[in-house]
Amino acid sequence: MQIINPATAEIITSLAEDNSSTLQIKFDTLKKAQPQWANKTLSERISVIARFSDLLETGIEELALVLTSEVGKPLQQSRNEINGARARIKWMLANAEKYLADEIMTDEPGLKEIIKYEPLGVVCNISAWNYPYLVGVNVFIPALLSGNAVMYKPSEYSTLTGIEIEKMLKKAGVPDDIFHIAIGAKETGAALLEIDFNGYFFTGSYKTGKFIYEKVASKMVPCQLELGGKDPLYIADDVADVTSAAIGTADGAFYNNGQSCCSVERIYVHEKNYDNYLNVFVTEVKSWKTGQPTSDGVYIGALTRKEQILVLENQIKDALSKGATLLTGGKAIAGKGYYFEPTVLTDVTNDMLVMQEESFGPIIGIMKVKDDAEALNMMKDTDYGLTASVYTADQVRAEKILSQLDSGSGYWNCCDRVSAALPWSGRKYSGIGATLSHQGLRAFTKPKGYHLRG
Ligand code: NAD
């Protein structure tokens, strides 16, 4: 498997891929070793993960360079991601005892009732490339903390980072046969589905997630899916500081080149604020520096996958043929590497691909609406349900709109945000199950009820 630098289109290195038999060997060793790891105390496992977090801190510069070299995001955004992962780990470590330790529910003469959170066993984590540290940490850290062994398949676009993660976990004290990585692409992922893991935890596209869910169903084990989104955002008429809202939401749409599961993907603006908002938004987008992700001050780096350029071109062509107006951007940037101009479309309608299909790139459609009811109808019109955002001066008004949207997260006066304390979950095509929060810590366990008489 060749690892390509998307910023230069050059080959970085080549790696041998795993196949069914190497994966089976890795699985067998994980299965054999897992009970010993589960028998360690929770505080021993917490210490190991704390050391992993320290290694992320000390290695941040080299790790950020590796990440940028294979996914093309600006170096500062790679550093931000590693720091973000450390913040999530910090929350998990601080809360592990509270949510994973035994819970005494009843303690009276002659009867004790206790819940014990037992590990699932050996879990399989098939992961995405857009934030390999963040989406990886959501899964393999609580899985390890709760006593599981883990087979981690990084995306084929972030394998070098996956290898670094494995090295650091081992250096921190995770035993050799408690964490293995599976190297490869689609075929390697598919081969993992043929093995009898005790749980599957997937981050990626709806299409692959649906395939995995169907394939795993007959195994009767937990299967969680964190999938894509078409996240809507509404700017109401009472927003006082339209300039800040426009600048903040432009970042929400274009950070990491729009390659975030919770990127703002559709914007609806009340007619009263529309002209002002659009003006600031487009000025902001035009001000960004695009180019080599290792250069200072670059905000828009390279797209990770060359194929995404075709998706974006197709969405723009479709929108323009149906009457949209192109305000800036609109095409790939010529030369080596996979670059695309940040693109803003207006006069869009919800029947355009750019308002229905996940774009996962630096492109946004902005629509004028006349009131909250129209905004709500437009926001609801999607197969996805990851996040939704409302900007208004009035919290009650925001919560009223958010409560009517079938999404896993609701934002008031913010967007494109994840908190370790809150469940990260999708509805409809955006997924099943939750990571992060106490739910995400317990997602890798099976509760057992002990009824103790005596
Ligand atoms: P993808 O579905 O193409 O690939 C994800 C993983 O699945 C990769 O490791 C890939 O090798 C593997 N895979 C592909 N085909 C497979 C198959 N048939 N069987 C088993 N494994 C297979 O997704 P991607 O391009 O890596 O990630 C982008 C998608 O992930 C976007 O839709 C994004 O919104 C979503 N995402 C969601 C979240 C979330 O938290 N909800 C977070 C990050 C990314």
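Tutor: By class, the shell around the ligand holds 16 nonpolar, nine polar and six charged residues; here Ala, Val, Leu, Ile, Met, Phe, Trp, Tyr, Cys and Pro count as nonpolar, Asp, Glu, Lys and Arg as charged, and the others, Gly among them, as polar. The model is predicted: local features need pLDDT of at least 70 and side-chain atom pairs pLDDT 80 or more, whereas totals for chains, interfaces and linings use all residues. Residues are numbered from 1 along each chain as its sequence is written, and side-chain values use heavy atoms, with hydrogens and water left out.

Of the 31 residues around the ligand, Ser127, Glu156, Ser205, Thr208 and Glu358 come nearest (a residue is near if one of its heavy atoms lies within 4 Å). Domain 1 (2–227 + 430–453) and domain 2 (231–419) both contribute to this shell, so the ligand lies between them; the bounds come from an automatic or database domain assignment.

Polar contacts (pairs of N or O atoms within 3.5 Å) can also be listed. An oxygen atom of the ligand is 2.8 Å from a polar side-chain atom of tryptophan 424, and one is 3.2 Å from a side-chain N or O atom of arginine 305. At glycine 204, a polar backbone atom is 3.1 Å from a ligand oxygen atom.

How values were computed:
Polar contact = N/O pair within 3.5 Å; in protein donor to acceptor, adjacent residues only side chain to side chain.
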